[in-house]
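Here is a short note for a first look. Please keep the model open while reading.

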Amino acid sequence: MTPSVLLTGGAGYIGSHTFLALHAAGLRPVVLDDFSNSQPEVLRRLAELSGAPVVFEQASIFDDAAVARLVEQHDIGAVIHFAGFKAVGESVADPLKYYRNNIAGFAALLTTLQRTACRKLVFSSSATVYGDPATVPITESFPRQHTNPYGHTKLVSEDMLAALAASDPSWRFGVLRYFNPVGAHPSGRIGESPNGIPNNLMPFVSQVAVGQRPFLQVFGDDYPTPDGTGVRDYIHVCDLAEGHVAAVNHLLAGHEGFTVNLGTGKGSSVLDLVKAFEKASGRPIPHRIVARRPGDVAACYADPTAARALLGWSARLGLEDMCRDSWRWQEANPQGYGA
Ligand code: WQD
């Protein structure tokens with residue numbers, strides 16, 4: 001029987017791309033989403049792209065009955081937990097929204113799962129748990145530190161999983177520390193659809209290219225990096241999705257739990273990305289150097305060795321692919337998924 005995989009937050013940016021990758025890999029994705037940070041239109045497009053109806057329920061991870069029903073009805077073999085808020089700035093302004101949803105909500109989900117037969121879960125963590133690294137590239141053994149409530153919720157969630165696995169070894173957790181997910185499905189039908197003014201670089205650059213924003217503010221050019229601007233490990237969202245397929249298959253094959261970085265191992269500066277986007281779009285990206293953004297680190301990129309050795313996964317796509325696919329999505333969907 002083809003294993004079914006429950007995607008909490010499966011209508012979101014990473015979740016929707018992972019849905020397609022799981023389907024293409026012959027697994028059966030099932031979506032639970034409350035649309036608190038996503039739109040129903042995504043599911044219509046997933047049905048179009050996968051050529052199959054999407055098995056879905058609109059519910060919160062706090063909804064014990066809905067989660068238990070989905071797990072039993074679809075004989076869920078593993079869960080991928082995407083459902084969580086992820087805006088650093090918002091987490092500083094409204095920490096309780098983040099602690100309730102990202103920690104209490106996750107604990108509620110795990111409590112429900114504990115009453116079912118499902119003991120395999122992949123967790124969407126983040127390189128933000130490394131805080132400001134002393135050196136780069138970053139390996140999984142680097143010390144963890146949080147610099148904002150959002151990052152704290154990821155760090156505490158990882159500790160919660162470690163404690164649960166220690167108390168009940170039947171649990172198997174795959175912890176995936178994402179670096180900077182960007183890009184969109186090559187079809188141009190699904191992509192990143194931020195609410196309001198984008199906090200992140202790629203969606204902001206995309207909106208400048210299409211004329212929605214007059215210019216990009218480059219947050220500082222006085223960092224100790226090759227061109228002075230911030231360096232990050234941008235990873236194509238489709239590569240990231242394949243990393244989730246490899247992680248789920250590793251758990252379904254009965255292996256032990258693990259924690260791995262999902263990054264390319266390459267650092268790109270803000271100006272590198274601007275240049276790559278201008279080339280991919282053929283549009284100029286007007287930009288101005290302004291003061292550093294509080295909380296930003298100079299450089300953050302992965303040592304991706306562990307994911308390759310353990311899961312046989314490594315990123316394939318480069319910055320030009322990421323910019324090309326972001327541009328196609330932006331041009332075809334100037335308002336994202338609409339209001
Ligand atoms: C990238 C670079 C900015 C916007 C955050 C979260 C992380 C993850 C990804 C959730 C930095 C510069 C940005 C702009 C700029 N989110 N920049 N002008 O901060 O590395 O990571 O998003 O998992 O957890 O911390 O990503 O895209 O915001 O910034 O110059 O308008 O672009 O200074 O150097 P970041 P980002």
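1. Ground rules. This is a predicted model, in which local features need pLDDT of at least 70, side-chain atom pairs count only at pLDDT 80 or more, and totals for chains, interfaces and linings use all residues. Residues are numbered from 1 along each chain as its sequence is written, and side-chain values use heavy atoms, with hydrogens and water left out.

2. Overall make-up. The protein has eleven helices and 14 strands. These are DSSP runs numbered from the N terminus: helices are H or I with at least four residues, strands E with at least two. The C-alpha trace spans about 55 × 45 × 40 Å along its principal axes.

3. Of the 339 residues, 54% are buried (under 20% relative accessible area, with a 1.4 Å probe and protein chains only).

4. Contacts along the chain. Contact means heavy atoms within 4.5 Å. Take the contacts between residues at least 6 apart in sequence: 79% of them join residues at least 24 apart.

5. Helices α1 and α2. Helix α1 covers residues 13-24 and helix α2 residues 41-50; they pack at about 25°, with axes 11 Å apart. Axes are lines fitted to C-alpha atoms over the stretch in contact, and angles run from 0 to 180 degrees between N-to-C directions. That makes α1 roughly parallel to α2 (angles under 35 degrees). Ser16, Phe19, Leu20 and His23 of α1 meet Val42, Leu46, Leu49 and Ser50 of α2.

6. Helices α5 and α6. The axes of α5 (residues 95-114) and α6 (residues 149-167) come within 9 Å and cross at roughly 20°. The two helices are therefore roughly parallel to each other. Among the residues in this contact are Tyr98, Ile103 and Phe106 of α5 and Thr153, Val156 and Met160 of α6.

7. Ile103. Beyond its neighbours within four places in sequence, Ile103 is in contact with Tyr98, Thr153, Val156, Ser157 and Met160. Ala299 lies 196 residues away along the chain, and its C-alpha atom is 28 Å from that of Ile103.

Terms used
Angles under 35 degrees count as roughly parallel, over 145 as roughly antiparallel, 65 to 115 as roughly perpendicular and the rest as oblique. Buried means under 20% relative accessible area, exposed over 50%, partly exposed in between (1.4 Å probe, protein chains only).
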